[in-house]
Amino acid sequence: MRGRPSVLPNRLGVVGWGWSGGQALALASATSLQACVVCDAPLPSEPGLMLGLRETPVLGVFAGKDKLSAFRKLAAANQVPCKFHVADGVHPGFMGPPGKNTYAHDAAEDAWFAIYNFLEKHVEDARPE
């Protein structure tokens with residue numbers, strides 16, 4: 001993407017849901033990105049992955065019933081700048097699609113607001129090279 005004339009090469013981020021959340025973290029670990037967002041994803045516990053994320057702010061968006069303590073500890077130990085948006089009282093899959101029994105409109109709207117603000121801060125407002 002960085003080679004495309006319409007792309008600002010220092011304003012790239014990645015977002016992944018579910019299984020692709022781990023892929024988003026791996027991409028952010030292997031490549032210089034301005035931000036990584038992971039939603040409703042199984043969180044890896046590989047220390048090598050965390051080393052590559054030291055320069056990349058990460059936002060994790062999860063249902064309140066998810067267990068984040070191991071990932072939080074690993075991120076803190078490796079000085080990865082992480083922020084978490086935890087929606088209480090909902091189940092994984094709360095962000096949609098609408099019509100599924102796990103979808104929770106208000107929690108999804110709050111999560112999208114957190115994602116947009118995070119990407120605005122770390123990607124859209126990134127300093128030009």
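User: In which sense do β3 and β4 pair, and over how many bridges?

Analyst: Strand β3 (residues 58-63) pairs with β4 in the parallel sense, over six bridges. Two strands count as paired if DSSP finds at least two bridges between them. Helices (H or I, at least four residues) and strands (E, at least two) are DSSP runs, numbered from the N terminus. This is a predicted model, in which local features need pLDDT of at least 70 and side-chain atom pairs count only at pLDDT 80 or more, while totals for chains, interfaces and linings use all residues. Residues are numbered from 1 along each chain as its sequence is written, and side-chain values use heavy atoms, with hydrogens and water left out.

User: Which residue in β4 is the bridge partner of Ala63?

Analyst: Ala87.

User: What is the strand order in the sheet?

Analyst: The order is β1-β2-β3-β4, in an open sheet of four strands with parallel pairing. β1 (13-17) and β4 stand at the edges with a single partner strand each, so one side of each has no neighbour in the sheet. Neighbouring strands are turned by 10 degrees against each other on average, direction ignored.

User: Which strands does α1 touch?

Analyst: α1 packs on the sheet and touches β1, β2 (35-39) and β3. Contact here means heavy atoms within 4.5 Å. The direction of α1 makes about 155 degrees with that of β1; axes are lines fitted to C-alpha atoms, for helices over the stretch in contact, and angles run from 0 to 180 degrees between N-to-C directions.

User: Switching to α3. Which residues are buried there?

Analyst: Phe71, Leu74 and Ala75 are buried in α3 (residues 69-77). Buried means under 20% relative accessible area, exposed over 50%, and partly exposed in between (1.4 Å probe, protein chains only).

User: Why are those on the same side of α3?

Analyst: Because they cover an arc of only 100 degrees around the axis, the arc being that of the directions from the helix axis to the C-beta atoms. On the other side of α3, Lys73, Ala76 and Ala77 are exposed.

User: What do the buried residues of α3 pack against?

Analyst: They pack against α1 (19-30), α2 (47-52) and β4 (82-87).

User: And Asn78, buried or exposed?

Analyst: Asn78 is buried, with a relative accessible area of 11%. It is found in the loop between α3 and β4. Not counting residues up to four places away in sequence, Asn78 touches Met50, Leu51 and Arg54.

User: Where is Thr56?

Analyst: Thr56 is found in the loop between α2 and β3, and is buried at a relative accessible area of 2%.
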